[in-house]
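Hi there,

Here is the structure I promised to pass on. My notes follow below it.

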Amino acid sequence: MNSNTFRAPVRRTAAAATVAALAAGPVLLAAPAAQATDGERREGRATAAVLRTGLDVSLLGETVKVPVRTSLNEVEAPESEDETALSVKVRGAEGGEPVDILTADVATATATVDERRAEGYVNLAKARVHVPGLPSLAIIEVEKVTSKAVCETGKKPVAESNVLGHVRALGKKITLTAGGRTELDVPAVGRITLDLSRTGTTSRTAAATALELDVEVNPLNLGVAKVKGTVTLAEATCETPDGPAPTEKPTEKPTEKPTAEPTREPTGRPSEEPSPQPTESKDDGGPKTNGGGSVPTQNLAETGGSSATPYIAGGALALVLAGGGALALTRFRARARG
């Protein structure tokens, strides 16, 4: 009997546990991933660079190849913050003579990061870019360019790039198309393709480039066979930080004891007898009580009484008295006889 009594509840318990496990399965599987994501908070990141080159220089009939990989004022936060150098030189790409790849009146790159915001910013003014083989002719001249990338917690990343004033390429003034591509071909010198104001954003990142040049220069009788590659001006990027970590403990502890203790005993005991009801009431014309009050005549339950009730009660009383007198007379006579 004990087996039959407890077997059914055990089965129901096991079934309930199985259903609960199946229902909780996706949650249990997802929990480790959520914990792993929450456990590693990502810091913000920002970069900025005034100039970056990726050029391949071939000398003397391509028998000597010199890669030119350089940058100016390239910064990254949190490691570094800002640079303001105005020129950059490379050696070994033009007969052992140094080449000024870029010169400028203003060249500032700044990268800043804190708990909520990451920003990269570049400002470049009166800048000239040269490549080996063309010492006197700038492949690009700009009056002013700026780029900014801002990533802030809780907001959409922003990328901005501006090219202000005139732009010259290989000595010729050109008109740039916003967000488009411009090509310039100079016979016996070379060809340049310019991308203006390239920007892009994702849910967490932003990037902005003022100018990107695709360069292919092959000047005649200058001792340089070929220069090919890319030149990037005013580049800024950022990545959104996760924000400050949540506070693990409350800044204020709750009060352990109440400020005032409750009274252990009531201040007054309830009255043993109910307080008398007020006897005064509005006289509504009904019958009077002994205390002088009036009995309301409305909403009384009917008892079946009528105008003959007093007479019937009087007759009944007379009969009772008569019966009592007769009983007393009969007892008196019996004692007299005995």
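A polar contact here is a pair of N or O atoms within 3.5 Å; within protein, one must be able to donate a hydrogen and the other to accept it, and residues adjacent in sequence count only if both atoms are side-chain atoms. This is a predicted model, where local features need pLDDT of at least 70 and side-chain atom pairs count only at pLDDT 80 or more, while totals for chains, interfaces and linings use all residues. Residues are numbered from 1 along each chain as its sequence is written, and side-chain values use heavy atoms, with hydrogens and water left out.

Let me start with Asn73. The side chain of Asn73 has a polar atom 2.8 Å from the backbone oxygen of Ala85, and a polar atom of that side chain also lies 2.8 Å from the backbone oxygen of Ala107. Asn73 counts as buried at 7% relative accessibility (buried means under 20% relative accessible area, exposed over 50%, partly exposed in between, with a 1.4 Å probe and protein chains only).

Next, the cysteines. There is one disulfide, defined as a pair of cysteine sulfur atoms within 2.5 Å. Cys151 and Cys238 form the disulfide, with an S to S distance of 2.0 Å. The torsion about their S-S bond is about 70 degrees, so the disulfide is right-handed. Cys151 is buried at 0% relative accessibility, and Cys238 is buried too, with a relative accessible area of 4%.

Happy modelling!
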